[in-house]
Amino acid sequence: MSTEEYRPLLEPDGDAQKEQQYFNNVCNRNLYLATFAAVLGPLSFGFVLGYSSPAIPELEANSNPYLKLDTTQASWFGSLVTIGAAVGGIIGGWIVDKIGRKPSLMICAFPYVSGFMMIIAAQNVWMLYGGRVLTGLASGVTSLVVPVYISETAHPKVRGLLGSSVQLMVVTGIMGAYVGGMVLPWYWLAVVSSLPPTIMVALMCFMPETPRYLLSVNKCAEALQVLAWLRGPEVDSEWECRQIEASCDEQDTKFSLSELKNPAIYKPVLIGIFLMLFQQLSGINAVMFYAETIFEQANFENSSEGTVIVGGVQVVFTAVAALIMDKAGRKLLLAISGFALGCGPIPWLVMSEIFPVRARGLASGACVIANWLTAFLVTKEFQDLVENITQYGTFWLFSSFCFMNLLFTIFFVPETKGKTLEQIEAHFKATA
């Protein structure tokens, strides 16, 4: 369905020329500032994911018998973060609608920091496990809240760029953990890893709540002020506010589980869940969590340097994806690329775009839970898969899921490039 077909539903008092004039006059400086503060959460999340790769070999060789990990304990140390993240998805799906996007993100800093502090102060393996669960909990909430925050503050011209910055900061954090692991012992690496969430909570104190959330709780004056701050003084913020408000008025009832029978609800939810499942079944987190171990098993001369190279490649191509996302489109990149260009950033971006406002918390929570439970399954069973079907068989299995993801993308994933959130919602209503 074309943009022109959406407009009568969503722009009763405007036209294409007015919309173009509006976005031509937008100043993005404050929007970029708010996005930078928010994506320090995914940077923290990246440090959590990357931390296990350099830490596990050190802990396996630890002279302290109470902190020395065997193979089974190492697999739990790597994978427990995903269990915490799944629980974080449940919590995040609830609090993001109850208390708002900004407070939900700020709260994440506390389990991040306390989890790393528990690892630093660990006297036994169980404290190491506890720290991983806490940092995983924060990661689960962050992975849900930040894409929603960015999608609800950004306008369509830059939403792909800013949405892709979530995954860019995740892989930057992973590489940061890899690089830090080359020069720091595991306990000092935990100290460094606690810095990004500390800075995030400080900066988010000065950032606004999203205008869509404010309108959904009938704070119209505050929403207008936020839009004026985000878009700059040269635009008619009341025009955009009316478009969002019209959509919120249509959804002025609480979401009920019985509505999952409605195709306008269950279609985007299923698309989001399957994108998350395929992302993790590609095996990416097994590679990220155990990168150094994998290189050691492959007799790589310097396994630490190998992991940094992997992290660097991820950062470069995720940055490329961010730059071309709003021109190439989500669907094309997801279909033709490798992980950093498509499967990494796009599921999180699409998840933040396709859900109706009143179902966004619950639907995003379901996607995050699916993502992290699958991540736990893959990371926990990775070593067993290698032992039973060899490394070749394991990676052929992962590649078969990548092929299924290609087919799913071609036939079921809609293109959201250049469309407002209200237009995307209208698309699913029209196809219901």
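Student: Hi! Which helix is Leu105 in?
Tutor: Leu105 sits in helix H5, which runs over residues 101–107. Helices here are DSSP runs of H or I with at least four residues, strands are runs of E with at least two, and both are numbered from the N terminus. Bear in mind that this is a predicted model, in which local features need pLDDT of at least 70, side-chain atom pairs count only at pLDDT 80 or more, and totals for chains, interfaces and linings use all residues. Residues are numbered from 1 along each chain as its sequence is written, and side-chain values use heavy atoms, with hydrogens and water left out.

Student: Is Leu105 buried or exposed?
Tutor: Leu105 is buried, and its relative accessible area is 0%. Buried means under 20%, exposed over 50% and partly exposed in between, with a 1.4 Å probe and protein chains only.

Student: Which residues is Leu105 in contact with, its close sequence neighbours aside?
Tutor: Once the neighbours within four places in sequence are set aside, the contacts of Leu105 are Ala38, Val145, Val146, Met200 and Met204. A contact means heavy atoms within 4.5 Å.

Student: Switching to Val170. Where is that one found?
Tutor: Val170 belongs to helix H8. Val170 is buried too, at a relative accessible area of 3%.

Student: What does Val170 touch?
Tutor: Not counting residues up to four places away in sequence, Val170 touches Pro42, Phe45, Gly46 and Leu49.

Student: What separates the C-alpha atoms of Val170 and Val315?
Tutor: Those two C-alpha atoms are 8.8 Å apart, although Val170 and Val315 are separated by 145 residues along the chain.

Student: What about the contacts of the whole chain, how many come from residues 24 or more positions apart?
Tutor: Among contacts with a separation of 6 or more, residues 24 or more positions apart account for 81%.

Student: New topic: how many disulfides are there?
Tutor: Searching the whole structure gives 0 disulfides. The criterion is a pair of cysteine sulfur atoms within 2.5 Å.

Student: Let's zoom out. How many helices and strands does the chain have?
Tutor: The protein chain has 22 helices and 0 strands.

Student: What radius of gyration does the chain have?
Tutor: The protein chain has 22 Å, which agrees with the value near 22 Å that a compact globule of 432 residues would have. The radius is taken over C-alpha atoms, and the globule rule is 2.2 Å times the number of residues to the power 0.38.

Student: And what does the C-alpha trace span along its principal axes?
Tutor: The span is about 70 × 45 × 40 Å.

Student: Last one: what share of the residues is buried?
Tutor: Of the 432 residues in the protein chain, 58% are buried. Leu105, Val170 and Cys343 are among the buried ones.
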